[in-house]
Amino acid sequence: MSLPKGLAEDVSRNLVMVARLIDEDPEGAYGYSRVALRLASRVAAVREAAGFAAYANQKYSEALAEFRAARRMTGNVDLWPVMADCERGLGRPEKALDMAGAPEVQKLDKAGQVEMRLVAAGARRDMDQLEAAIVTLQSPELASNSVQPWTARLRYAYADALLAAGREGEAREWFAKAVESDKDGSTDASDRLAELDGVEFVDALVEDDNDAETPVADAVEDAEAQEPDSDGDIDIDGDSDDDDAPEVVISDVDDTPDAGAKAKGDQQD
């Protein structure tokens, strides 16, 4: 569907903001998606963006409705895995599993099929079928040494399922493999691996009350305890009569350490 130029520009600006904010500010992205939806509800890309914004805010019923609308408009099956995950979010893992076995899955590309596998494994875990979840994730894509965009998430999910089943040694191995393939930090595999290895992280910016004070802090405290001499100066070394003593200067220590979206368009659909 084509839109008048001015309206199309307004819709595009809102969709750009949805994409920009969806990871870091899901609520803001959702607000922009509602504006775009009000302006152009009969555009498939708008319905899809609205679906993802709702999904990011865990509004699964709304997201599912938008994804279904987008799919009706385009006939595309790419949204099938995220639609199945919405069913999980609505507490219907059995429905998600039914979708995982539907003919639509065979029409997905490799990335979509891996995503569907992840959703199916998640549904198995929702139903407390841990071993079935592990088997679901076992696939040529998991065994491959080739690193693809989905590799880190697939290995992470497998490691997490193994750990949930009490298979800690295998879980550690797969968390390590997930770390190797997670170049952009899309998972917290490194933290999970460190946790299994018993590594504790300490925030260096947080001071412990029992920590020893620094030499500068000691000097400042000693200086504050001294009375000024006749010249109004503080004698750090305690020998106010020694005119040849080097002057000690203590400088200050500086310790300074993706509301709702506003409509961008003036026109409405």
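Tutor: Here are some questions and answers about this chain, which is a predicted model.

Student: What makes up the secondary structure of the chain?

Tutor: There are 13 helices and zero strands. Buried residues account for 35% of the 269 residues in the chain.

Student: Let's take two helices, then. Why are α1 and α3 called roughly parallel?

Tutor: Helix α1 (residues 5–21) and helix α3 (residues 44–56) pack at an angle of about 30 degrees. Angles under 35 degrees count as roughly parallel, and α1 and α3 are therefore roughly parallel to each other. Their axes are 11 Å apart, and α1 passes α3 in a left-handed crossing.

Student: Which residues make the contact between α1 and α3?

Tutor: From α1 come Val11, Leu15 and Val18, and from α3 come Val46, Ala49 and Ala53. By class, the residues of this contact are six nonpolar, no polar and no charged.

Student: And why do α2 and α3 get the word "antiparallel" or "parallel"?

Tutor: The axes of α2 and α3 cross at roughly 155 degrees. Angles over 145 degrees count as roughly antiparallel, so that is the word for α2 and α3. Their axes come within 9 Å, and here too the crossing is described: α2 passes α3 in a left-handed crossing.

Student: What meets what between α2 and α3?

Tutor: In α2 the residues are Pro26, Ala29, Tyr30, Ser33, Ala36 and Leu37. They meet Val46, Arg47, Ala49, Ala50, Ala53, Ala54 and Ala56 in α3. This contact divides into eleven nonpolar, one polar and one charged.

Student: Ser33 was in that list. How do you know whether Ser33 is buried or exposed?

Tutor: Ser33 belongs to helix α2 (residues 26–39). Its relative accessible area is 1%, and buried means under 20%, so Ser33 is buried. Leaving aside neighbours within four places in sequence, Ser33 is in contact with Val18, Ala49, Ala50 and Ala53.

Student: What makes Met73 "partly exposed"?

Tutor: Met73 is found in helix α4 (residues 60–74). The relative accessible area of Met73 is 37%. Buried needs under 20% and exposed needs over 50%, so with a value in between Met73 is partly exposed. Not counting residues up to four places away in sequence, Met73 touches Ser41, Arg42, Val43, Ala44 and Arg47. Met73 and Ala44 are 29 residues apart in sequence, while their C-alpha atoms are 6.0 Å apart in space.

Student: How do you know how the length of α11 compares with what is expected?

Tutor: Helix α11 (residues 168–181) has 14 residues and reaches 20 Å from its first C-alpha to its last. That is close to the 20 Å expected at 1.5 Å a residue.

Student: Which residues of α11 are buried, and what do they pack against?

Tutor: Ala171, Trp174, Phe175, Ala176, Ala178 and Ser181 are buried in α11. The buried residues of α11 pack against α9 (140–143), α10 (151–164) and α12 (189–196).

Technical notes: Residues numbered from 1 in each chain as written. Predicted model: local features only at pLDDT ≥ 70, side-chain atom pairs only at ≥ 80, totals over all residues. Heavy atoms only, no water. Axes fitted to C-alpha atoms, helices over the stretch in contact; angles between N-to-C directions. Helix = DSSP H or I, 4+ residues; strand = E, 2+ residues; numbered from the N terminus. Parallel < 35°, antiparallel > 145°, perpendicular 65-115°, else oblique. Left-handed = near helix turned anticlockwise from the far one by under 90°. Contact = heavy atoms within 4.5 Å. Nonpolar A, V, L, I, M, F, W, Y, C, P; charged D, E, K, R; others polar. Buried < 20%, exposed > 50% of the residue type's maximum accessible area, 1.4 Å probe, protein only. Expected span 1.5 Å × (residues − 1).
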